[in-house]
Amino acid sequence: MASVPASPRLPTPSRGPGPAAHRRGRPAAMLRVEVDQAFLRSPRGFLKIARTLVALAAFLCFMASGAREAYAALAGMEVVTNALFLLLYLVKLDARIRFLYWPLADVLNSVLAALLLLVVSLCAIIIKTNKGTLAGGVLGLTLLALYLVDVILLWKKISLDKARGGSAPAK
């Protein structure tokens, strides 16, 4: 009669990322994401959060009122852009991705968004097909003011006279 082979021993699960993370092809350092608590408490962090929330409120007003698609599209684009910049600064990706000067990119984004919001918000207020469109237009002008404050704060931090050694976080 043939003997039955013994069952192999199963490996015991390891705790923590340790050497097992390297065997799976992911270094342990890439598994951690640090949140910059100081940015959340800074004036710029507060402005980013406020901009995202006001843009979301304007988007919801335009969507609920059945306003023109361009109004809602611009407000929705601003929600996404603000959320991405907030995430960028919150997890310190601006310090890791150095090929782009992030404070200047943020200023350009704010200036272009302010110009677009000025046109769209004034059109929404002047046309005011209903109260939702009017509320979205007023929130758009409020968002415009927040963008201008952000540009002023960022411009104080950017020194174009200094040599650019790397992308320092703009707090």
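**A buried salt-bridge network and its helical surroundings**

The side chains of R44 and D106 meet in a salt bridge, with 2.7 Å from N to O. A salt bridge here is a side-chain nitrogen of Lys or Arg within 4 Å of a carboxyl oxygen of Asp or Glu. R44 belongs to helix 3 and D106 to helix 6, so the pair links distant parts of the chain, 62 residues apart. The model is predicted: local features need pLDDT of at least 70, side-chain atom pairs count only at pLDDT 80 or more, and totals for chains, interfaces and linings use all residues. Residues are numbered from 1 along each chain as its sequence is written, and side-chain values use heavy atoms, with hydrogens and water left out.

Both partners of this pair are shielded. R44 counts as buried because its relative accessibility is 2%. D106 counts as buried because its relative accessibility is 0%. Buried means under 20% relative accessible area, exposed means over 50%, and partly exposed lies in between (1.4 Å probe, protein chains only).

D106 has a further partner. The side chains of K48 and D106 form a salt bridge, again described by an N to O distance of 2.7 Å. K48 lies in helix 3 and D106 in helix 6, so this pair ties together parts that are 58 residues apart in sequence. K48 is buried, as is D106.

D150 forms a salt bridge with R51, and their closest N and O atoms are 2.3 Å apart. D150 sits in helix 7 and R51 in helix 3, and the pair links distant parts of the chain, 99 residues apart. D150 counts as buried because its relative accessibility is 0%. R51 counts as buried because its relative accessibility is 0%. Salt bridges that share partners join R44, K48, R51, D106 and D150 into one network. The count of salt bridges comes to 5.

The chain has 7 helices and 0 strands. Along the sequence, the pattern reads α-α-α-α-α-α-α. Helices (H or I, at least four residues) and strands (E, at least two) are DSSP runs, numbered from the N terminus. Of the 171 residues in the chain, 36% are buried. Among contacts with a separation of 6 or more, 74% join residues 24 or more positions apart. Contact means heavy atoms within 4.5 Å.

The nonpolar interior comes next. A nonpolar core is a set of buried Ala, Val, Leu, Ile, Met, Phe, Trp, Tyr and Cys residues joined through side-chain atoms within 4.5 Å. The largest such core has 21 residues, and those with the most contacts inside it are F62, Y71, L117, L143, L146 and Y147. Helix 3, helix 4 (69-90), helix 6 (102-127) and helix 7 (131-157) are the elements that give two or more residues to this core. Helix 3 supplies the largest share, 6 residues. Apart from this core lies another one, of 7 residues, with F39, F85, L86 and L88 among them. Y71 touches F62, V120, C123, A124, I127 and T133, not counting residues up to four places away in sequence.

C123 counts as partly exposed because its relative accessibility is 34%. C61 counts as partly exposed because its relative accessibility is 21%. The count of disulfides comes to 0, where a disulfide is a pair of cysteine sulfur atoms within 2.5 Å.

The surface also has a nonpolar side. The chain exposes about 11200 Å², and carbon and sulfur atoms supply 69% of it. Accessible areas come from the Shrake-Rupley method with a 1.4 Å probe; for residues, only the protein chains shown count as cover. V35, L40, I49, L53, L56 and L60 form a nonpolar patch on the surface, with about 470 Å² of accessible area together. Patches are made of residues with over 30% relative accessible area and no salt bridge; like charges are joined within 9 Å, and nonpolar side chains (Val, Leu, Ile, Met, Phe, Trp, Tyr) within 5 Å. Helix 3 (residues 43-65) gives the most to this patch, with 4 residues. L53 lies in helix 3. L53 is exposed, because its relative accessible area is 54%.

K92 has a phi near 60 degrees, a positive value in a residue other than glycine. K92 is placed in the loop between helix 4 and helix 5 (93-96). K92 counts as partly exposed because its relative accessibility is 33%.
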